[in-house]
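Welcome! Please take a look at the protein chain below, and then read on for a short tour.

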Amino acid sequence: VYGVPMDGLYIDNAEYCVRVNGRWLPMVKGRSDYAGILGKPITDVAIKGNYKYRVHNKTKNYWLGWMKGTNFNLNNKETGYAGNGSIIDAIQIKRI
């Protein structure tokens with residue numbers, strides 16, 4: 001996942017942000033903009049709202065656990081966002 005617009009059936013009103021180079025970038029709503037910095041790897045994703053989501057660790061080739069958008073908290077690495085500081089290459093999002 002490298003700074004590209006999110007696309008999908010259920011994200012038109014989702015608010016989300018990503019972490020790049022160790023810092024959280026501003027929130028984005030739906031497809032109004034893109035999250036990330038073009039060409040820079042994303043390591044963490046946080047989504048607000050009635051969604052569950054998880055990310056895929058590119059380096060170790062495995063999916064991390066599901067997170068809930070209702071637990072959105074950029075300061076809580078256990079349940080507030082998806083990612084562990086490693087580069088991610090995919091995200092799954094489901095409306096709940």
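This report looks at strands, a salt bridge and some ring contacts.

## Before we start

This is a predicted model, in which local features need pLDDT of at least 70, side-chain atom pairs count only at pLDDT 80 or more, and totals for chains, interfaces and linings use all residues. Residues are numbered from 1 along each chain as its sequence is written, and side-chain values use heavy atoms, with hydrogens and water left out.

## Strand β1 and its partners

Let us begin with β1, which covers residues 15-20. Strands here are DSSP runs of E with at least two residues, numbered from the N terminus. Five of the six residues in β1 are buried, meaning under 20% relative accessible area with a 1.4 Å probe, protein chains only.

Two strands pair if DSSP finds at least two bridges between them. β1 pairs with β4 in the antiparallel sense over six bridges. Two bridges join β1 to β3 (residues 28-29), also antiparallel, and there E15 has K29 as its bridge partner. β1 and β2 are antiparallel too, joined by two bridges. These two strands form a hairpin with two residues between them, and N21 in the turn has a positive phi of about 50°.

## A salt bridge

Side chains of opposite charge can pair when their charged atoms come close. A salt bridge is a side-chain nitrogen of Lys or Arg within 4 Å of a carboxyl oxygen of Asp or Glu. How many salt bridges does this rule give? The count comes to one: R19 and D44 meet at 2.9 Å, N to O.

R19 is buried at 16% relative accessible area, and D44 is buried at 2%.

## Rings and charges

Ring pairs of Phe, Tyr and Trp (its six-membered ring) have centres within 6.5 Å; planes under 30 degrees apart are stacked, over 60 edge-to-face, and the rest tilted. A search of the whole structure finds one such aromatic pair. The ring centres of W24 and Y81 are 5.0 Å apart and the planes are at 75°, so this pair is edge-to-face. W24 is in β2 and Y81 is in the loop between β7 and β8, so the pair ties together parts 57 residues apart in sequence. Y81 is buried, at 8%.

A charge sits over a ring if NZ of Lys or CZ of Arg is within 6 Å of the ring centre and within 35 degrees of the ring normal. The charged end of K48 sits over the ring of F72, 5.1 Å from its centre, and that of K52 sits over the ring of W66, 5.0 Å from its centre.

How values were computed. Helix = DSSP H or I, 4+ residues; strand = E, 2+ residues; numbered from the N terminus. Buried < 20%, exposed > 50% of the residue type's maximum accessible area, 1.4 Å probe, protein only.
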